[in-house]
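Work through the exercises below with the sequence and the model open. Try each task before reading its solution.

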Amino acid sequence: MGKVLVIYSLDSIPTTISAEAASRSIRILKKAGHDVIELGALKALKPFFLISYFFNRFDAIFYFGHGLEDMLPGQLPLGLILPVLRTGDRIRTKVIYAVACLSSKKLGRFLAPRYTRAYLGNRDYTFVAFPATERNYADDFLDTFTTPVRVLAEGDSVGTAFAEMRSRMIHYISLYERNMHRWPNADYYAWAMRENLEGFELIGDYNAKIA
Amino acid sequence: MPILRGRVVDRDTGRGIAFLVVALNGKTTSTDPQGEFEIFAPPGTYTLRIRSPFYEPYTREIELREDTYIEIKLRRTIL
């Protein structure tokens, strides 16, 4: 089984949803027998990351929170000064999965495949979802974005994880489009899920696995 | 003719959100830089819809009999 690091921030309303995705991911990874180290909220900052990184050999890093083109800041506002990861950090691991905005655009391309074998992240904005009266869209978001974690935790490749995630996104887009006449907020969430579908990309080795 | 006035704010910051699309059935307007809007409509029951790429959608049935003011707090959806 692998050793993995899960990093999540909790600094704004959208990060309450991504932190829940992190929490569910931790449960999935532990249940599959992986050794999980967590850096949450105020620990989602560079000094804590460096200590963890230098004392462990991680097979994968999972990040949930805000993102920019050239950094995964972690807990804001301190994360803008002490970002968890930024372009130039030569982080050696097998897989990085970032549920965050924009980070594959520069950071992902810098890391994979040279230092990190595969980087799964978004080159555009990542949209979270909230519960509405007609449907719990947040649950759909959580299902979609924990799917790659589940697939990787079970020992499959990051290529399979990416394909499964896209398949969940297509499923929800189709579901929302079919029910737009009775779910008043489905138009927005179909659009947001499509944006996520079009933005997420896998850079590097599709065959990379965490264990 | 009654007026529906409102202000749309970010739930995190409390600041008004500019340039949101506000639709009351067929009538459409947008919020100003302070997040405020107003729409005139004959008395009746309407569906109020507010849309923006970066905020959760808002949809609500509203009965407009007289001048009405509402404040709406929206959650940002981008990480």
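The exercises cover the sheet, its helices, a helix pair and the chain contact.

The model is predicted: local features need pLDDT of at least 70, side-chain atom pairs count only at pLDDT 80 or more, and totals for chains, interfaces and linings use all residues. Residues are numbered from 1 along each chain as its sequence is written, and chains are lettered from A and ligands numbered from 1 in the order in which they are written.

**Exercise 1.** Determine the strand order of the open sheet in chain A and name its edge strands.

Solution. Start with the elements: helices (H or I, at least four residues) and strands (E, at least two) are DSSP runs, numbered from the N terminus. Two strands pair if DSSP finds at least two bridges between them. In chain A, 6 strands then give the order β2-β1-β3-β6-β7-β8, with mixed pairing. The edges are β2 and β8 (200-204) of chain A, each pairing on one side only. From one strand to the next, the twist averages 10 degrees.

**Exercise 2.** Describe how β1(A) is joined to β2(A) and to β3(A).

Solution. Take β2(A) to begin with: strand β1 (residues 3-8) and strand β2 (residues 35-40) of chain A run parallel, joined by 6 bridges. Lys3(A) has Asp35(A) as its bridge partner in β2(A). Next, β1(A) and strand β3 (residues 60-64) of chain A are parallel and share 5 bridges. Here Tyr8(A) is partnered with Phe64(A).

**Exercise 3.** Characterise the packing of α5(A) and α6(A).

Solution. The axes of helix α5 (residues 158-178) and helix α6 (residues 186-199) of chain A come within 9 Å and cross at roughly 160 degrees. The two helices are therefore roughly antiparallel to each other (angles over 145 degrees). Finally, sort the residues of their contact: 10 are nonpolar, 1 is polar and 3 are charged (Ala, Val, Leu, Ile, Met, Phe, Trp, Tyr, Cys and Pro count as nonpolar, Asp, Glu, Lys and Arg as charged, and the others, Gly among them, as polar).

**Exercise 4.** How many residues of chain B are in contact with chain A?

Solution. Apply the contact criterion: C-beta atoms, placed from the backbone, lie within 7 Å. This gives 11 residues of chain B in contact with 18 of chain A. The chain B side divides into 3 nonpolar, 2 polar and 6 charged residues.

Terms used: Contact = placed C-beta atoms within 7 Å. Axes fitted to C-alpha atoms, helices over the stretch in contact; angles between N-to-C directions. Parallel < 35°, antiparallel > 145°, perpendicular 65-115°, else oblique.
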